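Hi everyone, thanks for coming.

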Amino acid sequence: GDILDDYLRTDGVWILTRNKQFYTTNNEKECAEKCEAERHFTCRAFLFTRKKLQCLTLAENAKMTVRFASTDAVLYEKRIYLLQCKRGIGKDYRGTEAKTRRGIPCQKWAEKIPHKPNYTPEKHPNAGLEENYCRNPDGDEKGPWCYTTDPAMRFDYCDIPECEDQVMHTGEGDCMECNGEDYHGEVSRTESGLECQRWDAQKPHMHGFTLKHYPQKDLKKNYCRNPDGEPRPWCFTTSPNKRWEYCNIPRCSTRPPSGLGSQCLSGKGEDYRGRIATTESGHACQHWNTQFPHKHGWIPDKYPCKGLEENYCRNPDGEKKPWCYTVNSSVRWEYCTIPPCDGTEQGIAGMNNMPRHIPLTEECYRGKGQSYRGTTSITASGKTCQAWNSMFPHRHIKTPDRFPDADLRDNYCRNPDGDNSPWCFTTDPSTTWEYCNLKRCDDHTQE
């Protein structure tokens with residue numbers, strides 16, 4: 001497989017580290033090869049900067065040191081050093097558990113007191129005998145162990161949980177179809193072995209994914225779920241240093257039945273499978289399986305049930321109606337005009353001579369905009385709005401519960417508090433809120 005498959009990638013992150021080596025490389029793969037070949041220390045991660053093509057191999061990963069934002073950097077962490085669980089007998093376990101199953105602290109592998117060790121870092125340089133972490137250098141069938149700091153007990157085994165991706169799940173619901181949006185299984189650890197945070201808890205991570213706000217998403221206990229259309233199920237973690245992570249859930253061997261889909265617009269058009277491939281202003285759509293002129297993440301192989309065929313208009317992400325990327329390099333994406341399903345005969349007959357743009361909702365406001373119920377969700381400076389029921393990245397009290405008459409749906413611009421015009425909180429951590437990109441309606445516009 002690809003050398004980068006052994007690493008967990010995080011964009012826009014830099015970590016503070018003492019032990020590092022600088023290299024000049026052309027791409028991430030070459031940097032990963034430098035990490036694999038590193039002899040100055042055990043390489044647990046590397047940083048790659050896109051502009052300077054700079055490669056830093058690191059002795060620490062994000063679990064061991066401080067991390068902060070850096071736009072141009074990409075952090076790759078070796079998955080083996082992030083796992084807090086064991087696979088099989090745990091010979092490759094490189095987690096940080098440092099006490100025995102009875103709770104006795106482990107002796108450092110390099111020390112000779114209170115016990116003179118047979119297994120040392122010098123004798124076994126590839127066994128990961130660092131600090132006093134539990135390891136299995138001799139392939140013991142009972143799993144990772146360590147020498148103890150109790151003079152009366154030379155060594156003991158450690159209590160390391162099994163990685164769930166190694167458990168053979170045979171029960172119904174323990175594999176996922178499509179992107180796992182209907183997954184109802186009981187896996188509750190992330191792909192690196194971290195335990196999931198309960199959905200009804202707000203510690204260590206505050207969030208808006210609650211049963212109350214997502215009643216159809218089966219947010220039970222701390223089970224992995226996919227309430228927001230990610231590529232696969234995920235969860236918030238119980239580690240303060242890792243907000244969320246994907247879970248490793250196998251795909252079901254049988255493909256789900258592929259419904260015919262709709263040829264007209266009903267609801268938001270998420271089940272639309274027609275062949276319109278032009279936007280409402282007349283631009284041709286870019287093929288979903290190409291990255292030119294616009295790079296994007298909606299790759300058909302990653303989203304097998306979203307109908308991303310050819311360059312047809314689709315709605316894979318719950319937008320207000322089907323859309324596509326355009327072949328015009330200066331217009332990234334646009335909505336498409338799809339005939340509505342109600343009055344199907346008229347809709348289909350009028351398909352070819354439909355107007356270019358059907359305003360489905362009002363996109364201007366009257367007065368201060370307290371009655372505005374449109375679906376604009378972009379601020380005046382182009383930032384995306386934060387959902388009203390979310391507390392990330394900004395905590396606030398303008399919730400749908402407290403303002404039941406303000407129609408605080410999704411992340412649509414609203415004016416619940418009598419401000420000058422509709423506004424929203426933004427998804428930019430550095431900008432709490434902004435007025436929205438909306439005009440006041442012309443008084444002569446017909447109601």
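Let's start with a rule: rings of Phe, Tyr and Trp (its six-membered ring) pair if their centres lie within 6.5 Å, and planes under 30 degrees apart count as stacked, over 60 as edge-to-face and the rest as tilted. Before we use it, some housekeeping: this is a predicted model, where local features need pLDDT of at least 70, side-chain atom pairs count only at pLDDT 80 or more, and totals for chains, interfaces and linings use all residues. Residues are numbered from 1 along each chain as its sequence is written, and side-chain values use heavy atoms, with hydrogens and water left out.

So, how many aromatic pairs does the rule give? The count is 27. Take Trp109 and Tyr147: their ring centres are 5.5 Å apart with 70 degrees between the planes, which is edge-to-face. Trp109 sits in the loop between β5 (67-78) and β6 (145-147), while Tyr147 belongs to strand β6, so this pair ties together parts 38 residues apart in sequence. Strands here are DSSP runs (E, at least two residues), helices likewise (H or I, at least four), numbered from the N terminus.

Are these two buried or exposed? Buried means under 20% relative accessible area, exposed over 50%, and partly exposed in between, with a 1.4 Å probe and protein chains only. Trp109 comes out at 0%, so it's buried, and Tyr147 at 3% is buried too.

Next, Trp234 and Phe236: their ring centres are 5.0 Å apart and the planes meet at 85 degrees, so that's edge-to-face. Trp234 is buried at 3%, and Phe236 is buried at 5%. Both rings belong to a cluster linked by ring pairs, along with Trp199, Phe209, Tyr214, Trp244 and Tyr246.

Rings can meet charges as well. We say a charge sits over a ring if NZ of Lys or CZ of Arg is within 6 Å of the ring centre and within 35 degrees of the ring normal. Arg44 does this over Tyr81, 5.2 Å from the ring centre, and Arg243 lies over the face of Phe392 at 4.0 Å.

On a 1 Å grid over the protein atoms alone, a cavity is a set of points where a 1.4 Å probe fits but cannot get out, and lining residues have an atom within 4 Å of a point. Grid points are joined across faces, edges and corners, and a volume is the space filled by probe spheres set on the points.

There are two cavities of 30 Å³ or more. The largest has a volume of about 100 Å³, and its lining includes Leu8, Lys63, Glu77 and Asn241. Where does the largest cavity lie? Domain 1 (7-81) and domain 3 (173-254) both give residues to its lining, so it lies between them. Those domain bounds come from an automatic or database domain assignment.

The second largest cavity holds about 70 Å³.

Note on methods
On a 1 Å grid over the protein atoms alone, a cavity is a set of points where a 1.4 Å probe fits but cannot get out, and a pocket is an open set with protein on both sides within 12 Å along at least five of seven lines; lining residues have an atom within 4 Å of a point.
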